[in-house]
Amino acid sequence: MTIRPIVITGEPVLHQRAEPVPTFDGTLEQLATDLFETMDAAHGVGLAAPQIGVGLRVFTWAMDNDDGVPARGIIVNPFVSAAKPSVEEPDPHDETEGCLSVPGESFPLKRGERATVSGFDLAGNEVSFEATGWFARCMQHEYDHLNGFLYVDRLSDRWARKARKAVKRQGWGAPGFSWLPGVDPDPFGHDDVEHQHDENQHDL
């Protein structure tokens, strides 16, 4: 079991399409273990392999849901098809996302309210389910990671400008930046009671 550094926007692996997992073997099981360990240490509710520098199509989640799906899971070589988001402006209170690869920042984003998810478990068995609400948002967020997109790439113009300024202010946007959960200060303040996040915001 290894907690891996989480790479930050500007690292090439985050901005290119991940490759399909070729074989379901011990190497994949070790990757899965590391993803869960790193996600938990980072207090995240989802983590994709590219976020720990591995360009493969696999992600984990840890999120209660109303869809009958286990609260903790992993999916390999997934396909996610989401409903179209509404054209309204996102609600800054109820529709704000965070990302462990854009640490400490959060911005409002519209997502589809439902998503169909299919793929494979660690044993190579087919899995499929419907996701709704914040769980659907999580699935879309993690799937974007596998296709080389961060949530900040999908922001409306107003919020995209703010995101670009935040990235520039932090000095990110180039290779070589990462943070190590459990060692570096928590960028989202999960360990600080005064800075606990609203229940309608999650870091993915």
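Six aromatic pairs occur in this structure, a pair being two rings of Phe, Tyr or Trp (its six-membered ring) with centres within 6.5 Å, called stacked with planes under 30 degrees apart, edge-to-face over 60 and tilted for the rest. The model is predicted, so local features need pLDDT of at least 70 and side-chain atom pairs count only at pLDDT 80 or more, while totals for chains, interfaces and linings use all residues. Residues are numbered from 1 along each chain as its sequence is written, and side-chain values use heavy atoms, with hydrogens and water left out.

One of the pairs is F24 with F120, edge-to-face at 6.1 Å centre to centre and 65° between the planes. F24 lies in the loop between β1 (6–7) and α1 (26–41) and F120 in strand β7 (residues 114–120), so this contact ties together parts that are 96 residues apart in sequence. Helices (H or I, at least four residues) and strands (E, at least two) are DSSP runs numbered from the N terminus. F24 counts as partly exposed at 33% relative accessibility, and F120 as partly exposed at 27%. Buried means under 20% relative accessible area, exposed over 50%, and partly exposed in between (1.4 Å probe, protein chains only).

W61 and F135 also form an edge-to-face pair, at 5.8 Å centre to centre and 65° between the planes. W61 lies in strand β3 (residues 58–62) and F135 in helix α2 (residues 133–146), so the pair ties together parts that are 74 residues apart in sequence. Both W61 and F135 are buried.

R137 lies over the face of W134, 4.7 Å from the ring centre (NZ of Lys or CZ of Arg within 6 Å of the centre and within 35 degrees of the ring normal). R154 is placed over the face of F149 at 5.2 Å.

A pocket is an open set of points on a 1 Å grid over the protein atoms alone, where a 1.4 Å probe fits, with protein on both sides within 12 Å along at least five of seven lines; lining residues have an atom within 4 Å of a point. Of its 22 lining residues, P85, K110, R111, Q140 and R154 are the closest to the centre. α2 gives the most to this lining, three residues.
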